[in-house]
Amino acid sequence: MSLLIQYTLIFASVLSIVAIGGMFSERSGVINLGLEGCMVMGALAGALVMSYLPESTPGFLLVILTILVSVLSGMLYSLLLAVAAIKFKADQTITGTAMNILAPALATAIVKAITLNTREHKATPYLYYVNAHNHFIINIGTFELNWFIILMVVIVALAFVTLYKTRFGLRLMSCGEHPQASASNGINVIKMRYIGVLISGALAGLGGIAFINSANSSWPFDSGVVGFGFLALAVMIFGKWKPINIFFGAILFSFFRALGATYSGFEFLKNLEINADIYKILPYIVCLVILAISSRNSKAPKAEGIPYDKGMR
Amino acid sequence: MKTKKSFFRSLLEKDGFKSLITSVACAVIGLLVGFIVLFIVSPSASLQGFKTLSLGFLAVPTKYGLRKEFLANTLTRAAPLIVSGVAILIAYKAGLFNIGASGQFTVGVFAALYMAFVWNAPWYLCMIGAMVFGALYGAIVGALKAFLNVNEVISGIMLNWIGLYLTSMLIKKNSKMWDSIKYETLPLPEKATLPTLGIDKLFNNYKYITIAIFIAIIVAVLFYVILEKTILGYKLKATGYNKYAAKYAGMKEKRNIIIILALSGSLAGLSGALLYLTGIERWYCPTNVPSMGFDGISAAFLGGLSPIGTIFSSLFITHITVGGSRLDTAFYSPEIAKVVTGVIIYLCAFVWFVKNKLNENLNRAKKKLEGLTLESIPKEDSQHSEEEVAE
C-alpha cells in the first residue's frame, strides 16, 4: 500500500511539473508539443551531472547542481520552439514533433559517444548514477520520497499564485486569449510568449530529471522518456489549463499508472489474474475516457497555436 | 539572356518548384548538421563517416553484388515509409494532425500477422485486413474528435500506447504466432509473404525485396489523383483551408473528419503490412511505440506535403538511415541518421516562412519591373514597405 502511494506521488510529481510547464506555454499562446523532447534533454543533462560529478561532492550541492543544469538544458532546448514559433511563425505542431524526434536521437548519440570513450570502449545508451540517485531520496517513516515531490507542491502553489495573483500572470494569460488586445494595452506579446515557452522548457527539463531519477538508478536514453511528455499534455488538457486541476488530474492518472507497477503486491488484484499488459493500458484508457468526457466544453486558450500578427483583429 | 531570365522566374513562381527548392535546402542543411555532429564526436573519422551516412547504399563496395543488396534494402524499407507519409499528409491537408499513425500502423501489423499465422490467409487478404484494422483505429480518433471534441493529437498518442500493449499482449499469448524462446514472431508463412515477381533476380537474389515498393508508389500516385482531381480531394482540402467555410458550403464536417482519419488510418495500417509481410522484420513486442508513424511525418513534410514528393523524401530518409546503420560503430552510433532527420523536419516547419519570403521578393522584383512602365506602382510599393515595418 505504501508502495502504491509512493509511486503515485512520484509519477504525479513528474506529470504535474511538466503539465504546469505546458500550461504556461499554452497560456501565452504557444502550443509546446515538444515537452517530451525538452524532458529528454533535461534528463540527459541532469544524468550527465549525476554520473560524472566526483563522488565526494556533498549531497546537497549535487542535488542543486543537477536540478539547475536540467532546468537550463530544458530551457535551452525549448528555445528551438520559441524562435521557430514566435520569431518565424513556423508551424508549432511540426516544430514540436521535430523536437520530439530529435531529442532522443541526439541524447542517444551523445550518450553513446561518451560511453564509447569511457566504459570499456563499448557504446551503450545507458547512463548510471547509483550514488547520486540516493541523495535525492527523503525517508519519512516507511515512505521513500524524493525532493521532486516537495518541488511539485511548491511549483503548483507558485504557479497558482503567479497565474492568478500577479500582474505578470494575468498579462501572460491575456496573450493566449487575445494578443492584439493585450498589445493595445501596452503588453509586449512577443516577450510574454518567449517567457511562456521558456518556463515550459525549464519545467519540462526539471520533470525529465525527476522522471528518470525517481525510481531508477540508470536510464537507457534510446527510449526517451517513454511518452511522459505527451501524458503531461493530456493531463494539462484534462486539468483545463489550471494549476490546481492539473495537480489533481496528475494524481488521478498517476494512481492508475502506479497500480500497474505495484498490483502484484495486492492479494485480491493478484488473484484476479489479469494480464500485466492490461494494467499498462489502464492509465491510457482512463486518460482517454476522461478526455472524452471533459473535452466537450474545451477551455483552451483561444489564441493558442496561432502566430501573433499585429495587424490581425 | 532575357528569355532565360523569365524562364527561371516563371519556374520560381510555380509552387511545386518552390517546395522542391525548400525541401532540398532542408535536406542539405540537415546533412550539414549531421556532419557537424560527426565532427564533434570524432574529428578524424568524420569525413569517412559523412561519406557513409550521405551516400547510403552508394558507399557500399560493389563486390559480390553487395551494393545491389543495400539498394534493395533501401527500397524495401522505403515502401512502408512512403505509404505512412501519404497517410500523414492527407490528414494534414484536411487540417488534422494524425500523430496516431504509429498506433494504426501497429494494429495493422497485428491484423496482417494474425491473418497470416492463424488463418493462413494469402498476402493480399492480410494486406486488406491491415487496412481495415488501421481504418477502424483511425476512425476512433476521428469519432472522438467529431463528437466529443477530443484533440486528435492527444487521443492519437494515447491510442498509440493502447495499441502497442494490446498487440503485444495478444501476440505473446498466441503460440501460433509467437516464438517465446527467440522472443519474436515466428517466420512468416510463404503464402502470406508479398510476391517478388522475380524482382529479387535484379538485386542479387535479395529475398526481402517484393512488390511492396510498387504498391507504395501506386498508392502515392493514386492519392495524388484523388487530392487533385476528385470531389473527395476537394472537400478534404476545403476543410483544411477553412473548416467554417466548408461547413457553410454544406459539407458534413463531422462525417468528413471521421472519413479522413479512417482513410489515413487505413494507409498507416497498410504501411505496417508492407513492412512485416516482406519478412525483413519480425515483431518483437517493443516497449516503445514504433517510429514508422513519426517517420511518416518527416517524409510528408520533407516531401512538401505532396504524395509524389513523399516518394522521393521517403527514399532520401531511408537512404540516410541505411547510411547511418553502416556507420563505423567504433566511432559512431546509427542514431546520428535520426538526428539528421530530426533537424530536417525542424527546418521543414520554416517552409511556410521561406515560401512567403520568396513570394515577397518575387513580387517586389515584379513590381520593380512593372514600375518602370506603370504609374500606380509607387503607391503599392509604399504599402509594401508599411507591411515590412509592421513585421
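Is Glu26(A) buried or exposed? It's buried, at a relative accessible area of 4%, where buried means under 20%, exposed over 50% and partly exposed in between (1.4 Å probe, protein chains only).

A note on the model: everything here comes from a predicted model, in which local features need pLDDT of at least 70, side-chain atom pairs count only at pLDDT 80 or more, and totals for chains, interfaces and linings use all residues. Residues are numbered from 1 along each chain as its sequence is written, chains are lettered from A and ligands numbered from 1 in the order in which they are written, and side-chain values use heavy atoms, with hydrogens and water left out.

**View 1. Glu26(A) and its contacts.** Glu26(A) belongs to helix α1 (residues 2-28) of chain A; helices (H or I, at least four residues) and strands (E, at least two) are DSSP runs, numbered from the N terminus. Ignoring neighbours within four places in sequence, Glu26(A) is in contact with Ile31(A), Asn32(A), Gly176(A), Leu233(A), Met236(A), Trp241(A), Pro301(A) and Glu304(A) (contact means heavy atoms within 4.5 Å). Glu26(A) and Ala303(A) are 277 residues apart in sequence, yet 8.8 Å apart in space, C-alpha to C-alpha.

**View 2. Phe211(A) in the nonpolar core.** The largest nonpolar core has 207 residues, and Phe211(A) and Phe221(A) have the most contacts inside it. Such a core is a set of buried Ala, Val, Leu, Ile, Met, Phe, Trp, Tyr and Cys residues joined through side-chain atoms within 4.5 Å. Not counting residues up to four places away in sequence, Phe211(A) touches Phe11(A), Val14(A), Met39(A), Asn216(A), Trp219(A), Val225(A), Val226(A) and Phe228(A). Ring pairs also link Tyr7(A), Phe11(A), Phe211(A), Trp219(A) and Phe228(A) into a cluster. To count as a pair, rings of Phe, Tyr and Trp (its six-membered ring) need centres within 6.5 Å; planes under 30 degrees apart are stacked, over 60 edge-to-face and the rest tilted.

**View 3. Charges over rings in chain A.** The charged end of Arg257(A) sits over the ring of Phe11(A), 5.5 Å from its centre. Lys87(A) does likewise with the ring of Phe88(A), its charged end 5.6 Å from the ring centre. The rule asks for NZ of Lys or CZ of Arg within 6 Å of the ring centre and within 35 degrees of the ring normal.

**View 4. Aromatic pairs in chain B.** Searching the whole structure turns up 27 aromatic pairs over all chains. Among them is Phe35(B) with Phe50(B), edge-to-face at 5.2 Å centre to centre and 75° between the planes. Phe35(B) lies in helix α2 (residues 15-41) of chain B and Phe50(B) in helix α3 (residues 46-55) of chain B, so this pair ties together parts 15 residues apart in sequence. Phe35(B) is partly exposed at 24% relative accessibility, and Phe50(B) is partly exposed with a relative accessible area of 24%. In another pair, Phe331(B) and Tyr332(B) have ring centres 6.3 Å apart and planes at 50°, so that one is tilted. Phe331(B) is partly exposed at 33%, while Tyr332(B) is buried at 4%.

**View 5. The largest cavity.** There are five cavities of 30 Å³ or more, and the largest holds about 60 Å³ of space. Ala234(A), Val235(A), Phe238(A), Gly249(A), Phe253(A), Cys287(A), Ile290(A) and Leu291(A) line the largest cavity. Two or more lining residues come from each of α10 (228-238), α11 (243-262) and α13 (276-294) of chain A. On a 1 Å grid over the protein atoms alone, a cavity is a set of points where a 1.4 Å probe fits but cannot get out, and a pocket is an open set with protein on both sides within 12 Å along at least five of seven lines; lining residues have an atom within 4 Å of a point. Points are joined across faces, edges and corners, and a volume is the space filled by probe spheres set on them.

**View 6. The second largest pocket.** This pocket has a volume of about 1,700 Å³. It's lined by 49 residues, with Pro290(B), Ser291(B), Met292(B), Asp295(B) and Lys338(B) nearest its centre.

**View 7. Positive phi in two chain B loops.** Cys285(B) isn't a glycine, but has a positive phi of about 50°. Cys285(B) sits in the loop between α12 and α13 (292-302) of chain B and is buried at 8%. Leu305(B), also not a glycine, has a positive phi near 55°. Its place is the loop between α13 and α14 (307-325) of chain B, and Leu305(B) is buried at 19%.
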